[in-house]
Amino acid sequence: MTATAHQRPIVSIMDRRGTVPDWTLRLALVLVTVAIIAVLASERVPPGILIILGLVGLGGLLVPASAGAALLGGGAAIMVAVYSGSDPVRPAVLAMVVLVHLLHVLTGLVAVIPSRARIHLSALRRPALRFLGIQAVVFALAALAWRLPRSETPALIEIAAVLGITGIAALVLVLLRRS
């Protein structure tokens with residue numbers, strides 16, 4: 001068989017250099033869940049809600065292909081909004097953006113990687129680069145939002161936002177039609 005540009009080199013099962021066991025991703029998922037709960041606790045979310053979200057996070061860890069991570073991420077976002085201060089670009093919100101996205105990425109990886117597998121670190125490169133790229137865009141937008149006046153939003157910015165969202169929706173529709 002001839003090698004093409006799309007084929008990856010096959011790594012022997014016996015060659016474990018540059019690999020990590022699957023439990024490292026599961027441990028990272030636990031740490032991200034604990035960090036989400038800690039950020040929510042710093043925002044003075046009631047302990048009962050923290051316990052419920054912690055149990056939802058545990059369920060997401062035990063069954064990663066379930067809706068547990070989505071419930072934890074959505075619940076965390078709602079709790080930050082409900083128990084928030086007036087500043088939408090504060091450290092807790094920015095931390096939650098990173099943590100919920102990382103929760104999403106890790107849950108997706110854990111859901112498709114079999115138990116007791118070893119993961120070659122090069123296999124994690126593309127998800128990591130995608131994660132960093134998305135976070136760079138989000139933080140650039142957050143920096144822009146931080147620079148905006150805190151009073152009433154100017155009409156020009158609201159119009160630009162509506163046009164931008166419409167453009168993104170149109171782009172998504174075009175891309176979905178192609179596939």
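User: Hi! Which residues does Ile 36 touch, leaving out those up to four places away in sequence?
Analyst: Ile 36 touches Leu 72, Ala 76, Met 96, Leu 99, Val 100 and Leu 103. Contact here means heavy atoms within 4.5 Å.

User: Thanks! Where do the coordinates and numbering come from?
Analyst: This is a predicted model, where local features need pLDDT of at least 70, side-chain atom pairs count only at pLDDT 80 or more, and totals for chains, interfaces and linings use all residues. Residues are numbered from 1 along each chain as its sequence is written, and side-chain values use heavy atoms, with hydrogens and water left out.

User: Back to the core. Which residues of the largest nonpolar core touch the most other members?
Analyst: Leu 25, Ile 36, Leu 40, Met 96 and Leu 103 do, out of 30 residues in that core. H4 gives the largest share of this core, nine residues. A nonpolar core is a set of buried Ala, Val, Leu, Ile, Met, Phe, Trp, Tyr and Cys residues joined through side-chain atoms within 4.5 Å. Buried means under 20% relative accessible area, exposed over 50%, and partly exposed in between (1.4 Å probe, protein chains only). Helices are DSSP runs (H or I, at least four residues), numbered from the N terminus.

User: New topic: how many salt bridges turn up in the whole structure?
Analyst: Two. A salt bridge is a side-chain nitrogen of Lys or Arg within 4 Å of a carboxyl oxygen of Asp or Glu. One joins Arg 26 to Asp 22, with the closest N and O atoms 3.1 Å apart. Glu 43 and Arg 90 form a salt bridge at 2.7 Å, N to O. That pair links distant parts of the chain, 47 residues apart: Glu 43 is in the loop between H1 (23-42) and H2 (47-62), and Arg 90 is in the loop between H3 (68-82) and H4 (91-112).

User: Are Glu 43 and Arg 90 buried or exposed?
Analyst: Both are buried. Asp 22 counts as buried too, at 9% relative accessibility.

User: What about H2, which of its residues are buried?
Analyst: Leu 50, Leu 53, Gly 57, Gly 60 and Leu 61. Seen down the axis of H2, they fall within an arc of 100 degrees (taken from the directions from the helix axis to the C-beta atoms), so they line one face of the helix. Ile 51, Ile 52, Leu 55 and Leu 62, on the other side of H2, are exposed.

User: And what covers that buried set?
Analyst: The cover includes H1 and H3.

Notes: Helices (H or I, at least four residues) and strands (E, at least two) are DSSP runs, numbered from the N terminus.
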